[in-house]
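Subject: Structure handover

Hi,

Here is the structure I promised to pass on. Please open it alongside this message.

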Amino acid sequence: DAAVFDATAAGVASPRDTIVDAVREALVDAFGEKFRDSRPLVTSATKPEFGDYQCNAAMALAKPLKCKPRDVASSLAEKLGPRLSAICEAPEIAGPGFINLRLRDGFVAAKVKSMVGDGERLGVPRVTNPERVVVDFSSPNIAKEMHVGHLRSTIIGDTICRVLEFRGHDVVRLNHVGDWGTQFGMLISHLKEVAPEAIEDGAEDKFNVGDLVTFYKEAKARFDEDDGFKEIARAEVVKLQAGDAESKRAWGVLCEASRRGFQDIYSLLGVELEERGESFYNVMLPDVVSDLESEGLLEESDGAKVVYLEGFESRDGTSQPLLVKKSDGGFMYSTTDLAAIRHRVTTERADRVLYVVDVGQGSHFAQVFQVARRAGFAPEGVQLQHVPFGLVQGEDGKKFKTRAGETVKLSDLLMEAVRIAGESIRKRREEEGGEGYQADEVELERVSKVVGIGAVKYADLSMNRESNYRFSYAKMLSLQGNTAPYMLYAFARVQGIKKKATEGLGDLSGTEISMGTPEEAALARMLLRLPEVLEDLEVDLFPHRLCDYMFELSSQFNRFYENCPVNTGETEEFKGSRTAFCSGTADVIERGLGLLGMGTLDRL
Ligand code: ARG
């Protein structure tokens with residue numbers, strides 16, 4: 001059977017895509033042209049006894065077609081069978097009208113063979129129509145400490161970018177930092193008083209972000225308590241807006257100091273972003289307001305300019321306004337986001353704009369998106385999508401704080417994970433190494449960093465991003481469960497088994513795959529799911545799907561390895577095929593960890 005399927009017969013599309021296309025064709029054949037553009041739902045089978053995939057279209061179509069669901073299913077299956085005969089066994093109808101599909105072993109084997117032969121793409125096709133995707137993520141605020149919410153945004157946003165990039169999309173990673181607004185009045189005024197030397201030319205690096213947080217608090221306290229200072233601060237905003245050179249230099253000093261602090265975190269995390277903060281859009285704000293006006297959307301309310309929203313009602317039943325220009329002439333966070341949407345659509349030519357921002361800003365984005373649509377800033381063809389995530393909590397479920405009740409510095413948080421990881425690795429190695437063991441300090445440091453940083457990332461990514469998430473060093477660094485150390489260890493182990501088996505075998509790319517045991521058949525099918533997992537992730541942007549998949553894959557590998565000896569020599573005839581399974585599994589885990597922004601290790 002296997003010989004029938006060469007790599008080209010196996011095709012480049014994922015099995016699920018091939019099946020969806022075939023179901024659509026079969027629908028047209030059986031019930032007419034009106035199904036030409038349908039996108040029938042094909043899901044993974046709920047149980048292995050049902051095969052690999054399941055199509056439930058018959059139930060939904062029974063009513064409009066005025067037929068019994070089972071009759072719809074059998075007409076459909078009759079047309080579907082021949083179309084899929086190269087990759088599936090004959091379809092089976094079950095229950096009220098489910099169509100169950102089982103991939104042919106020969107097809108699965110051929111697919112796995114081509115996957116092992118292509119360690120780069122692993123059967124994941126590049127999209128045929130790449131989109132330009134702007135991803136707005138991380139986005140901390142100048143002169144404030146980057147907090148755990150920004151950390152989540154950075155980690156989740158980076159993974160989304162990596163997956164889209166791997167699929168072949170054209171991704172723009174934007175850091176929409178909060179570097180503009182009235183708060184700069186008080187910050188600059190305060191800076192001019194307490195550290196005038198910092199504003200002198202060439203002295204831009206005299207401030208660091210540690211200073212900045214206290215500095216922000218001091219400035220805020222004075223602003224709240226001292227009316228004279230408030231006046232000075234107000235005047236300073238006006239000067240900054242007007243482009244006064246000294247004010248701009250002071251602003252630059254504050255931005256530069258923050259930037260250095262943020263960059264430390266990005267370097268630790270290995271995340272790359274292009275900074276394009278709120279200030280970038282400042283010159284565009286007056287146009288946004290006047291264009292809203294010419295679109296007939298702008299109204300006046302107590303001297304302020306607003307757009308009344310559709311579907312957002314205040315308590316008294318009247319329509320809620322979105323404020324775009326205050327009565328004092330100042331613009332809002334929302335106005336900047338409107339300008340940013342327009343810039344991203346026109347200048348950046350985005351097809352899709354993603355905002356990886358906490359769930360608390362859900363209504364902000366819903367409102368801004370609505371106004372952008374109504375004003376024609378974003379045509380229907382451009383997708384605007386808020387990608388929300390929940391709060392970070394302490395182990396007690398309360399707000400995440402240090403023991404002393406302070407907000408946690410991100411660099412401290414990351415380095416603490418690295419320290420704990422390092423300690424436990426050192427301890428384990430000392431136990432294993434016995435007397436006379438000398439740690440290789442340089443290597444230990446490198447390993448601790450991969451494990452510690454990886455643990456923080458994986459813990460976040462393996463959760464459904466929409467839920468709140470409890471931060472626990474003990475859990476994220478545990479070797480048990482769906483954690484970074486577990487996955488890193490699984491990778492090191494599979495890689496080790498593969499290396500040992502490959503000695504003397506050479507290139508595995510032409511190896512025929514044999515699936516004589518249920519464990520091999522199941523592992524093969526699991527490997528083939530990678531493209532589908534990534535396709536789903538690309539649409540709904542839930543990274544935990546990839547973590548769940550990798551965890552399942554490692555468990556399936558363990559079952560395979562227990563039952564199918566690879567390196568014992570007693571099963572020479574299967575050695576090539578089984579080594580190919582190890583190779584495929586190792587490559588998939590390595591690729592998966594890479595997409596999650598994690599490194600890998602040969603040993604822990
Ligand atoms: N700076 C904002 C904050 O810290 C996040 C910005 C998100 N992006 C946007 N385009 N509004 O809450």
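This is a predicted model: local features need pLDDT of at least 70, side-chain atom pairs count only at pLDDT 80 or more; totals for chains, interfaces and linings use all residues.

Ligand surroundings

The residues around the ligand are Asp 136, Ser 139, Pro 140, Asn 141, His 176, Gly 178, Asp 337, Ala 340, Tyr 355 and Val 357. By class, this shell has four nonpolar, four polar and two charged residues.

Helices α9 and α10

Helix α9 covers residues 227-241, and helix α10 covers residues 245-269. Their axes lie 8 Å apart, and the packing angle is about 100°. An angle of 65 to 115 degrees counts as roughly perpendicular, so α9 and α10 fall in that class. On the α9 side, the contact uses Glu 236, Lys 239 and Leu 240. These meet Ser 247, Lys 248 and Trp 251 in α10. The contact of α9 with α10 has three charged, two nonpolar and one polar residue.

Helices α14 and α15

Helix α14 runs over residues 410-433, and helix α15 over residues 441-461. Their axes come within 7 Å and cross at roughly 125°. The two helices are therefore oblique to each other. The crossing of α14 past α15 is right-handed. From α14, the contact residues are Leu 414, Ala 417, Val 418, Ile 420, Ala 421, Gly 422, Ile 425 and Arg 426. Their partners in α15 are Leu 444, Val 447, Ser 448, Lys 449, Val 451, Gly 452, Ile 453, Ala 455 and Val 456. By class, the contact of α14 with α15 has 12 nonpolar, three polar and two charged residues.

Best wishes

Note on methods:
Residues are numbered from 1 along each chain as its sequence is written. A residue is near a molecule or strand if its C-beta atom, placed from the backbone, lies within 6 Å of it. Ala, Val, Leu, Ile, Met, Phe, Trp, Tyr, Cys and Pro count as nonpolar, Asp, Glu, Lys and Arg as charged, and the others, Gly among them, as polar. Axes are lines fitted to C-alpha atoms, for helices over the stretch in contact, and angles run from 0 to 180 degrees between N-to-C directions. Helices (H or I, at least four residues) and strands (E, at least two) are DSSP runs, numbered from the N terminus. Angles under 35 degrees count as roughly parallel, over 145 as roughly antiparallel, 65 to 115 as roughly perpendicular and the rest as oblique. Two residues are in contact if their C-beta atoms, placed from the backbone, lie within 7 Å. A crossing is left-handed if the near helix is turned anticlockwise from the far one by less than a right angle, and right-handed if clockwise.
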